[in-house]
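Please look over the sequence and the model, then read the sections in order.

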Amino acid sequence: MPIYTLEAGQVVQGIKSKEFSAEEYISQLFERIEKVEPKVNAFVTLNKEEGLDRARRLDKKIRDGEQSGPLAGVALSIKDNICTKGMKTTCSSKMLESYIPAYDATVIKRLMAAGAIIIGKANLDEFAMGSTTEFSRHGPTRNPWDISRVSGGSSGGSAASVAALECASSLGSDTGGSVRCPASFCSVVGLKPTYGLVSRFGLVSYANSLEQIGPVGRTVSDVVSILNVIAGFDENDHTTTNSSKPTYSLQERKGLRVGLIKEFTEGADPGVSKMIYKAAETLENQGCKCEEVSLPSVQYALASYYTIATAEASSNLARYDNIRYGFDMNPEGYEWNSYFARARSNFGDEAKRRIIVGSYVLSSGYYGKYYLKAHQVRSLLKREMETLFKKYDVLIGPTMPILPFKIGERIDDPLKMYLVDIDTVVANLTGMPAISVPAGFADGLPVGLQIMADQFAEQTMLDVAYLFEQAAKVQRSPEL
Amino acid sequence: MATTTKIGLEIHCQLTGAKSKLFCRCSSDYRGKAPNANICPICAGLPGTLPLLNQKTVEFAAMITLALGCKFPDEIAFYRKNYFYPDLPKNFQLTQYNAYGITSIGVDGRLEYGNGKDARIRRVQLEEDPGRLVYASGSMDTSVYVLIDYNRAGVPLVEIVTEPDFADTKDVRMFLDKITSIIEHLGVCDTKLEGSVRCDANVSIDGGNKVEIKNISSFADVEKALRYEITRQRTMTSREIQVRSETRHWDDARKVTKESRTKEEEQDYRYFPEPDIPLVMLGSEFVSFIKQSMPELPDTRKERFMSKYGLSAHIAQVLIGNKELADFFESTLMIYLSPKEIANWIVTDLMSFIDERQKEEEEEEEEHSLFAGLKVGPEHIADLARLVDQDMINRATAKQILGQIIRTGEMPSALAKRMHASRIDDVSVLAQAVQSVFQMEQAAVQDARRNANVANFLLGKVMKITKGKADPKVALEMIQKKLKED
Amino acid sequence: MVVTREEVKHIGWLAKLEMSDAELQRYTTQIEEIINYLNKLDTIPLEQVKPIAIKKKFSELRKDSPENFEDAVLGTGYRKDGFVKGPRMV
């Protein structure tokens, strides 16, 4: 088996035991990337020279018998809205066309300290706003299972690069499902941590009360390894929690109580819900107790999400006036209002729409009607989920209500596009953790099982995910 | 014609006492630095950065809140005020806002500021300063591009908003003096630094529309701006023209208030709470901590000066009117404990030298320390007071000595010793000097026969002629004797 | 009409987004659809709620010790004597 197919854990082991060198591994990956990138388009920027350089330095370390970190040699792609010092970070937008960050995001510092090797920046919907990576100015990322279909989004590049064996794992960001959606569509594992578990310092803000950086991998084990490195308090992000550094493990647990959210399964395509009921059966066969539950406030979840997300986005994107950084446009000759408006006309359609909707819902007279009500929905949902978590360890359902659709299918109908987020936004609105694991295939296309747990109950959620993964044995690679 | 005037104030005070900016670790001291040399990713608004609230600034704002008699909420939060402007790195300002519940650090206070008058304080809040715009050709109108310096962006400000409780500009002046005294005593802001305190105002007359005046760059200008605006409004109403509710800009060069430049579409700040800054919990423990650790307020100090040192209310007031003066006083007491004597020297003689020197400097428009240019410290005054208390020199001599040592920095006792050594008490020499003076100043001599005080003038002349070496006691006796003779 | 063309134009001014007439037309239709959907929130009665969930103690705030950021921060090439060059103000 070629070494580029190895999981992160196997890579660390292999390099440490000198089965193969890091340089070999990274080189093979770049060969693979060269072969499949024309079909997948997962990357915005590739980091070949530096990647190989780091690999060689790691090999030397191993030869000299020095200590290497828990992710030593693991090749990662990083969503291009996470700041990497010295490496272009564009958010797939013209507004950051030539932007090179002056600092590393905290998660990047931690991953590098653990020995990981960043081989490139992954494609995304512009400023993380979208569910298919079609709103990227670098062209859509294609689903490795069927390249005429979407990879999901906004972290499409992250999920596709992992599924297409272009890297071992990836970091994405999840504001309304942006890690879990592409993970589901590409049949890989994607996790959104509890709000406040992972530092957002260095994550280019889209909706700061909703988003978290999350790992993507081919197995639950890989996702756990990455989470262990990036999670934990950061003094540079005051929304991270103060408790001691968490560590998660893979463990066997019996008798877990599982609630199947009926609003999600009933709202999904028949092919999808069939797979989910099958997944519930699998869990029961593994000793879990599954029951159908209801989450009535789900009916308001999308409206709440799109109110809060667009409101925060309209303000977070205000700084892009092209004065301090951006793309080349000489300010001389313009009056400042015109310059700002002209420069900002370079946002894509979806970004502009969300800025306008967001400004609208925050504008004078509408604040109570939309923004405050949207926050009320968050409280409502949180109370309902907390009540359920008294009886159940986890809540499950489909990650996406539909199968991956054809590229271009929903792009002219914004509201139709928003509706695909219905199952994922709940976790962002409540701040609770959620993970998508491959559940199988319907009509040859991937279906993801979403597992949610209470705040900071990642370990329980991972227990169920691991249990399911081992029993269902879905994982395989697409032919590319 | 009698008119009722209502004036309200909006004071912005930079927390120069804090070492770093409000939301990042950059130095809060931006003055004199090269453009854009005092910035970091956070205050420059780079993508992916998050605000990190400075603990000291919350402490300072809380002290101001207490000093102004305001109430604290249980928690404070920050809001985004969204608008675009080239001096705003994020195109929103982080500030505090009270429309949907109290989030600012102080509300509903009251401050007595003199003559039994007081003013209600609507709120005290924390917010960040924007950057600075500089015009290449010197004026906004003619520059083809603007130059932006972000060094000041993110510097912490406390905003103090009053109710329109002031009835005239004199009250405003008294209030601002009181505010200055308070923030100096608290050590939160050095008001002598250029731009560290700014004050916008609003004014309406006879229940008419309120006009806001912005762009007033110092406390001194507030009175000027208000007087102009009140006159403008009075003129309009006397001609039965309605005063429009608007925002006007103070033009410092022409000393007028002007209509706002453009007829803008309606601005809408779309306030919402900043999600990156958690609610900061205050509570009774916090309030106790602030009460215990904050420096002595000027009013408290005044009370203490009166009760502990037996100073009069007037003298105590002068001392605390400027923190440096009060500090000087207490430092002097530490060397030699004679409160009334020392207070007197400071408030009367030393102050007149200071006032003189300040008048000279008014053209420079720079504010220095009170004692800049004067070579006198607490040890000098202590020494002087001791000499007088112990009857080693008389008061007149002491005043003379003070006048000299202010320029030289010599210790009074050293100078007194030298003077005494070269003192002329040889009666014949003195008699000659007195004789000369009587001849030269015949008019004064006539006056002196009617008015005994004029003898001091003659004494002064004798001192001059003898180059200060005459023994004033002896000389005066001779003068008085001579006056009686002729 | 839930959302008018005028409203979208005004927001374009507030948010400094230049839009062609065609874009204005297209966005107005799309945004009206979206706002219509958001009006679902009208069916819930308004209660008191605090938008920010995270709390911090005074003692947990950042300590006031200054630090100089050593690397270059600004990306624009349009500079003069250290200032950033911006468009004219009038």
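## Confidence

The model is predicted. In chain C, the average pLDDT is 91, and 99% of the residues score at least 70. Among the elements of this chain, the highest mean pLDDT, 96, belongs to strand 3 (residues 83-87) of chain C, and the lowest, 93, to strand 1 (residues 55-57) of chain C. For the complex, the predictor gives an ipTM of 0.95 and a pTM of 0.89.

## The sheet of chain A

Chain A contains an open sheet of eleven strands, arranged in the order 1-3-2-6-8-7-12-13-11-9-10 with mixed pairing. At its edges are strand 1 (43-46) and strand 10 (289-293) of chain A, each of which pairs on one side only. On average, and with direction ignored, neighbouring strands of this sheet are turned by 30° against each other.

One pairing within chain A is that of strand 7 (residues 189-192) with strand 8 (residues 212-217); these strands run antiparallel and are joined by two bridges. Gly190(A) has Val216(A), in strand 8 of chain A, as its bridge partner.

## Helix 7 of chain A

Helix 7 of chain A covers residues 220-230, and nine of its eleven residues are buried, so the helix is largely enclosed by the rest of the structure. A residue counts as buried here if 20 or more other C-beta atoms lie within 10 Å of its own. The buried residues include Val220(A), Val223(A), Val224(A), Ile226(A), Leu227(A), Val229(A) and Ile230(A). Asp222(A) and Ser225(A) are also buried. Just after the helix comes Gly232(A), which takes a positive phi of about 120°.

## Where chain C meets chain A

The contact between these chains takes 41 residues from chain C and 50 residues from chain A. On the side of chain C that touches chain A, helix 1 (5-14), helix 2 (21-38) and strand 3 of chain C each supply at least two residues. Helix 2 of chain C gives the largest share, eight residues. By class, this side of chain C has 26 nonpolar, four polar and eleven charged residues.

## Where chain C meets chain B

Chain C also touches chain B, with 32 residues of chain C and 44 residues of chain B taking part. On the chain B side, helix 1 (55-67), strand 8 (145-149) and strand 15 (279-281) of chain B each supply at least two residues. The largest share, five residues, comes from strand 8 of chain B. The side of chain B that touches chain C divides into 31 nonpolar, six polar and seven charged residues.

Strand pairing also links these two chains: strand 15 of chain B and strand 1 of chain C run parallel and are joined by three bridges. Within this pairing, Val280(B) stands opposite Lys56(C).

## A hairpin in chain B

Strand 12 (residues 246-251) and strand 13 (residues 256-259) of chain B run antiparallel, with four bridges between them. Asp251(B) stands opposite Val256(B), which is in strand 13 of chain B. The two strands form a hairpin with four residues between them, and in the turn Lys255(B) has a positive phi of about 60°.

## Domains of chain B

The domain assignment divides chain B into domain 1 (5-289), domain 2 (296-421) and domain 3 (427-485). Taken over C-alpha atoms, the centres of domain 1 and domain 2 of chain B are 36 Å apart. Six residues of domain 1 of chain B are in contact with seven residues of domain 2 of chain B. Helix 2 (residues 169-186) of chain B gives the largest share of the domain 1 side, four residues. That side has two nonpolar, two polar and two charged residues.

## His314 of chain B

His314(B) is in helix 6 (residues 313-321) of chain B. Is His314(B) buried or exposed? His314(B) has 9 other C-beta atoms within 10 Å, so this residue is exposed. Between His314(B) and Lys302(B) the C-alpha to C-alpha distance is 9.7 Å, and the two are twelve residues apart in sequence.

Key
Residues numbered from 1 in each chain as written. Chains lettered and ligands numbered in written order. Predicted model: local features only at pLDDT ≥ 70, side-chain atom pairs only at ≥ 80, totals over all residues. Buried ≥ 20, exposed ≤ 12 C-beta atoms within 10 Å, placed from the backbone. pLDDT = per-residue confidence, 0-100. Pairing = 2+ DSSP bridges. Axes fitted to C-alpha atoms, helices over the stretch in contact; angles between N-to-C directions. Contact = placed C-beta atoms within 7 Å. Nonpolar A, V, L, I, M, F, W, Y, C, P; charged D, E, K, R; others polar. Domains from an automatic or database assignment.
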